[in-house]
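Please look over the sequence and the model shown here before reading on. The report that follows takes up a helix, its neighbour and a chain interface.

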Amino acid sequence: MASKLSDLAEQMDQLNEFDREPVSPSKLQGGIKFAGLFAGEHVAATEFVIGAFFVLHGVAAKDLILGLLLGNFLAILSWTLVCAPIAVQTRLTLYWYLRKICGPGFMLVYNIANGLLYAILAGAMISVSATAISDWIGLPGTPLDAVLPTSAGWVAIAVLLGLCFTAIAILGFSALANFASICSPWMFFVFIAGALAALPRLGIAPDFSNLWEVLSTKVWNGQATPGQEQYGFWQIVFFAWFCNLAMHIGLSDMALFRYAKKPWYGLFTATGVYPGHFLAWLCSGIMVAAIGRELSPGRMAYEAIGWIGVLAVVLAGWTTANPTLYRTGLALQSVTPNWPRWKVTLYSGLVTTALSCFPVFFLKLLDYVALYGLVLMPVGAVVFVEHWIVPKLGIAQYPAERFGLIVNWPAMATWIGTLVIAYVLPMHLFYRWLPCWFIAAGGYALMRYVSRGRSEAAVSRA
Amino acid sequence: MVSKLMILIAALSLIAGGWFALEYMRGELTRPDLLTRLNLVTLVWFVCATVWAYKRPQSG
């Protein structure tokens, strides 16, 4: 068992070998590069769904705008004050830093969790693309409470798209990632043009004189669609804050910020966050209101700007699913001994395709995004404590590296314990991650303090 | 030079597309005209941006 785990750990290390060493000073990048890098992010297929859901959840216009401004600002601060400083000081990816702290056994569990979460996300993206085509060819719409597929036609489209996306991910991820990057500005344009083209249907005057009145009475009018939970200001603040939780508080974006010259480059995430998680969400809200609040990304884009709207939804699904499938393959390759990348991507693509047949994953996207961040958040808290708090407690850092641990059990207990507490915590799902982060950080610091002498003593005895 | 020209044309096409959508909103353009122009904008964007993306000097 121990040797098998050791083999798996070695394979994981080989996959990440390229990033093992801290980034050298000659490879650091300037602020402009980061501004450009983030500008292309955060405009994805999810934006078509999330912005529309805010309308269905009956958010008032003022709450939405102020909530998004504040929530996105808090997300930017999280990148700037939590993620970027650790990345700049260590110059390592989360993988290697976590390995020093938690050990290869912990990384194995983390990779599997990450791979499964990515697979569900990619499945939701394929579902969004499938809605575009199914609406276009006239299949019946998917009810908001649907869990299982609603028609054989829907399944056929989802399977076909899933297989296409998987084949593309296998055949030419790198070349097509380049093509995907040029889709981003055009997709952002589709959001803006689609919203502008949808405005006349809502009764906006050509001189915009009744813009606020229409937006606050016909789009975000404060009345939830029957069957949908009513959202207010704080739900929006927290959603905008946590929708990239795994990246900032969960520290995944250490992979990017290890190249930053200064920690304050985290502020450049604003170039992506505000266009994607503010303007694009507002635009999709306008488009869904213009078709009578029916959640159908394909139809709302088609009604606004014709077939290029449909193309945008399909491409948005693909450009998000493609790197997600790649990441799923990468995460799961570590637990599939000696499998080539194509085989791992094929199997993860098949699983993702199967998941995409269930509309529940995109119809519950807001909750899923909350869960996704929540599951990975405690790991970020562990790294935060190990980096900042543990030295102040006078304890030696990086127990897994120092003592050759396969699993840092205090870290594992923190992760599992936090998730158990999050499950039973009597508050809205969107708010749970914040107290849970403090619980995780406090719990891990306490366990490290209590167990500080044991590992040292074991090493001394040896 | 070619790649810079391509990205300039591509960027201008999107700006023009935004302008067309605004004109439609003001009632100065019919819907079929808007859709035709947006289709053209999309074509120009993808041709020019693709040429730019594959011709530009690769960093690293």
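## Terms and model

A residue is called buried if 20 or more other C-beta atoms, placed from the backbone, lie within 10 Å of its own. This is a predicted model, in which local features need pLDDT of at least 70 and side-chain atom pairs count only at pLDDT 80 or more, while totals for chains, interfaces and linings use all residues. Residues are numbered from 1 along each chain as its sequence is written, and chains are lettered from A in the order in which they are written.

## Helix α6 of chain A

Helix α6(A), residues 104–136, is mostly covered, with 26 of its 33 residues buried. From first C-alpha to last it reaches 48 Å, close to the 48 Å expected at 1.5 Å a residue, and A:G138, with a positive phi near 90°, follows α6(A).

## Packing against α5

Helix α5(A), residues 94–102, packs on α6(A) at an angle of about 130°, with the axes 7 Å apart. A:Y95, A:L98, A:R99 and A:C102 in α5(A) meet A:P104, A:F106, A:M107 and A:Y110 in α6(A), where contact requires C-beta atoms within 7 Å. Seven of these residues are nonpolar, none is polar and one is charged.

## Interface with chain B

In chain A, 17 residues are in contact with 18 residues of chain B. Helix α7(A), residues 152–198, supplies the largest share of chain A's side, eleven residues. By class, that side has 14 nonpolar, three polar and no charged residues.

Definitions and conventions. Helix = DSSP H or I, 4+ residues; strand = E, 2+ residues; numbered from the N terminus. Expected span 1.5 Å × (residues − 1). Buried ≥ 20, exposed ≤ 12 C-beta atoms within 10 Å, placed from the backbone. Contact = placed C-beta atoms within 7 Å. Nonpolar A, V, L, I, M, F, W, Y, C, P; charged D, E, K, R; others polar. Axes fitted to C-alpha atoms, helices over the stretch in contact; angles between N-to-C directions.
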